[in-house]
Amino acid sequence: MSTKVGYLGPKGTFTKIAVNELFPTEEKIPYETIPASIDAVTKGDVEFAVVPLENAIEGSVNITIDYLIHEQNLPIVGEIVVPIRQHLMVHPQNKEMWESVTSVLSHSHAIAQCHKFLHTKMPTVDLQYVKSTGAAAEYVHEHPEECIAAIGNELAAKEYGLEIIKKDIHDYDNNHTRFVILHKNAVDLSTEHRYYGGDRTTLMVTLPSDYAGALHQVLSAFAWRKLNLSKIESRPMKTGLGNYFFLVDVEMKMDEVLIPGVVAELEALNCSVRVLGSYPYYFIGKEQSAIQK
Ligand SMILES: O=C(O)C(=O)C[C@]1(C(=O)O)C=C[C@@H](O)C=C1
């Protein structure tokens, strides 16, 4: 039986690009939403799910974080960073009249990444938020009678036979999205991969309430052990105003001394700590960026 990988579909999404790179030969199953992709792992319909976590321009994909924290406690077993290039595309029948498109469809994150372009070059269009960039391309493909455009990637244009009329409309260069790979168990993914870039451990830390200097003490538990943090972010606990937890990314694999030491120290401060995963990360285009350096 072949391994099944669930992802935010349909074909042609950025998530699909991530899956194609990391799971080239596995069976790929598209889902309409991020929660549905994650649920599929819990139900056992697929072994892995790949979902977006964070974009360099737009920040965190909150639905992914919240769903993992509050709904489905699945370990993160890997991460893949994908370069993101957003293009404007139309049905080939509407190629000549693209300047009169009335609506632009895409995923909210993709639209946000092109905000300046849309504001300055297409200020009067109606922006329509759909479930993914692939879903936007699919809709445009199915509705040649509507003079509309989608924002998405080259794969979507190819899969749905659309014409790219403006390339690279994202507002900032160096646009990348981090995708996480989820599994029911903390399985080890191979580090013998051309895109392997290192290891990371993600912790969820909840501070005790009303404790002056608590965050400072939390950070010092990492600092004096010289643990490098690549991200710290707060998200609402959803239990009331002012109640937050922190997500902390540590640039190393779970070990037997340093990270357990941090956890014990934080617990002694009455913090609660959950390890969301300790996993390898992969970076598409790692070789090219090494050449450019
Ligand atoms: O809609 C897609 O193509 C996705 O894979 C989702 C998503 C996201 O949620 O951020 C992924 C990468 C891009 O940043 C834009 C959209």
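Let's start in a loop: Asp168 is found between β10 (163-166) and β11 (176-183), with helices (H or I, at least four residues) and strands (E, at least two) taken as DSSP runs numbered from the N terminus. This is a predicted model, where local features need pLDDT of at least 70 and side-chain atom pairs count only at pLDDT 80 or more, while totals for chains, interfaces and linings use all residues. Residues are numbered from 1 along each chain as its sequence is written.

- Phi of Asp168 is near 50°, a positive value in a residue other than glycine.
- Asp168 is partly exposed, as 13 other C-beta atoms lie within 10 Å. For the terms, 20 or more such neighbours make a residue buried, 12 or fewer make it exposed, and anything in between is partly exposed, with C-beta atoms placed from the backbone.
- Lys226 also has a positive phi, near 60°, and sits in the loop between α8 (214-223) and β13 (229-236).
- With 7 other C-beta atoms within 10 Å, Lys226 is exposed.
- The peptide bond from Gly9 to Pro10 is cis, with omega near 5°; Pro10 lies in the loop between β1 (4-8) and α1.
- Most residues other than glycine have a negative phi, and most peptide bonds are trans.

**Two domains**

- The protein splits into domain 1 (4-83 + 176-283) and domain 2 (87-166), with bounds that come from an automatic or database domain assignment.
- Their C-alpha centres lie 31 Å apart.
- Where they meet, 15 residues of domain 1 are in contact with 16 residues of domain 2; contact here means C-beta atoms, placed from the backbone, within 7 Å.
- Helix α1 (residues 14-22) gives the most to the domain 1 side that touches domain 2, with three residues.
- That side of domain 1 has six nonpolar, five polar and four charged residues. Nonpolar covers Ala, Val, Leu, Ile, Met, Phe, Trp, Tyr, Cys and Pro, charged covers Asp, Glu, Lys and Arg, and the others, Gly among them, count as polar.

**Nonpolar cores**

- The largest nonpolar core has 50 residues, and those with the most contacts inside it are Ala18, Ala49, Val50, Val51 and Leu182. A core is a set of buried Ala, Val, Leu, Ile, Met, Phe, Trp, Tyr and Cys residues joined through C-beta atoms within 7 Å.
- Leaving out residues up to four places away in sequence, Ala18 touches Val50, Ile80, Val82 and Phe179.
- Apart from this core lies another, of 22 residues, including Ile148, Ala150, Ile151 and Tyr160.

**Around the ligand**

- Of the 15 residues around the ligand, Thr13, Thr15, His109, Ser132 and Thr133 come nearest; a residue is near if its C-beta atom, placed from the backbone, lies within 6 Å.
- Each of α1, β3 (48-55), α4 (108-113) and α6 (133-142) supplies at least two residues of this shell.
- The shell has six nonpolar, nine polar and no charged residues.

**The ACT stretch**

- An unreviewed UniProt entry places the feature "domain: ACT" at residues 203-280; positions follow the numbering used here, feature names are shortened, and annotations may be inferred rather than shown by experiment.
- The end C-alpha atoms of residues 203-280 lie 15 Å apart, and the span is 27% helix and 36% strand.
- Leu241 is in the loop between β13 and β14 (244-250) and counts as exposed, with 6 C-beta neighbours inside 10 Å.
- Leu241 and Asp255 are 14 residues apart in sequence and 35 Å apart in space, C-alpha to C-alpha.

Key:
Two residues are in contact if their C-beta atoms, placed from the backbone, lie within 7 Å.
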